[in-house]
Structure formats: C-alpha cells, structure tokens
Amino acid sequence: LILTIFIETSKKLTITNLNSVEFWNVVLFLSGLSLIILIIIILFNCVFYILKPKFATNYNTNQYSTFYFEHIANNDFSVLKEKIDGFKEENIINELTGQIFEVSKILLHKNKKLAQTMNILLWTIGALLLFIFSYQMVKI
C-alpha cells in the first residue's frame, strides 16, 4: 500500500527548474529518497530475516536429534526407528529440551527483526505523509 501510494504520487511529479532550490522541493526530494531507502530495508528484513527459514545452530555435527527435522530427513527411516525404540524417559526429556532451546533461539532472532521492521514501517508511513504533504506544497 505504501509503495503504491508513493508510486502513484511520484507519477504526477514533473521536474521543471533544476536551478531553483526551494524548501519544499528539497523536502519532497529528501522524503522521496527516504521512502525508497526505508522500503528497501523493510523488504530486505522481511525476505532475509523474517521469512527465510532458519536451521539449528547449536547441534554438533556428530549429534543426532530424533525431534529435529533436518537430522530426521538426512537419515534413513531405520535409523530413526532404532533411536525411538531405544528411548528412555531421560532421553526424551533431553531431546525435547534441546528442541525447545533451538526453536526459542530462532524465534527470538526473528522476533527482534520483526520488531525492528515494524519500527521502520512507522518511519516509512511518516516519510510517506511528509512526501504527500510536500508534494501538495510544491503544487501550490
């Protein structure tokens, strides 16, 4: 929505006199530039930090978790069945604790990036309002 409003308002802009530096022209240019930069940051955060899948980082290469999808997928069914058949209550508690820890770390990182992106979104809305207002002032 923000991008659409920005593009539609930008389509109406015409550059007439580049030698004239007026206050609202500068504000219009800076708010437009800020909008472009903020939208790029939001898209980057969304794609690379929030939506991108994260994998466990706290397992050693020789560890095998019967609850971690990557370990399960990289082994045969027989290995998984053998591990589950030999489970004791203590093993299950250790495995679940490891998974809770891994998922919590991943979600904490994603949550921090989401909060940061939401703050940037508020700045983007402010820049958009300033852009629209300065566009109206330039037209007058």
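Buried means under 20% relative accessible area, exposed means over 50%, and partly exposed lies in between (1.4 Å probe, protein chains only). This is a predicted model, in which local features need pLDDT of at least 70, side-chain atom pairs count only at pLDDT 80 or more, and totals for chains, interfaces and linings use all residues. Residues are numbered from 1 along each chain as its sequence is written, and side-chain values use heavy atoms, with hydrogens and water left out.

View A. Helices (H or I, at least four residues) and strands (E, at least two) are DSSP runs, numbered from the N terminus. An α-helix has 3.6 residues a turn, so residues three or four places apart point the same way. Rings of Phe, Tyr and Trp (its six-membered ring) pair if their centres lie within 6.5 Å; planes under 30 degrees apart are stacked, over 60 edge-to-face, and the rest tilted. The count by this rule is seven aromatic pairs. For Phe44 and Phe48, the centres are 4.7 Å apart and the planes at 40°, so this pair is tilted. Phe44 is partly exposed, at 41% relative accessibility. Phe48 is also partly exposed, at 42%.

**View B. Other ring contacts, at Phe23, Trp24 and Phe133 and at Tyr49.** Ring pairs join Phe23, Trp24 and Phe133 into a cluster. Lys113 lies over the face of Tyr49, 4.2 Å from the ring centre. A charge sits over a ring if NZ of Lys or CZ of Arg is within 6 Å of the ring centre and within 35 degrees of the ring normal.

View C. Helix α1 covers residues 2-11, and its Ile2, Phe6 and Thr9 are buried.

**View D. The largest nonpolar core.** Such a core is a set of buried Ala, Val, Leu, Ile, Met, Phe, Trp, Tyr and Cys residues joined through side-chain atoms within 4.5 Å. This one has twelve residues, among them Ile2, Phe6, Ile42, Ile120 and Tyr135. Helices α1, α2 and α5 each give two or more residues to this core.

**View E. The loop residue Thr57.** Thr57 lies in the loop between α2 and α3 (69-73). Thr57 is exposed, with a relative accessible area of 65%. Its C-alpha atom is 7.5 Å from that of Glu102, 45 residues apart along the chain.
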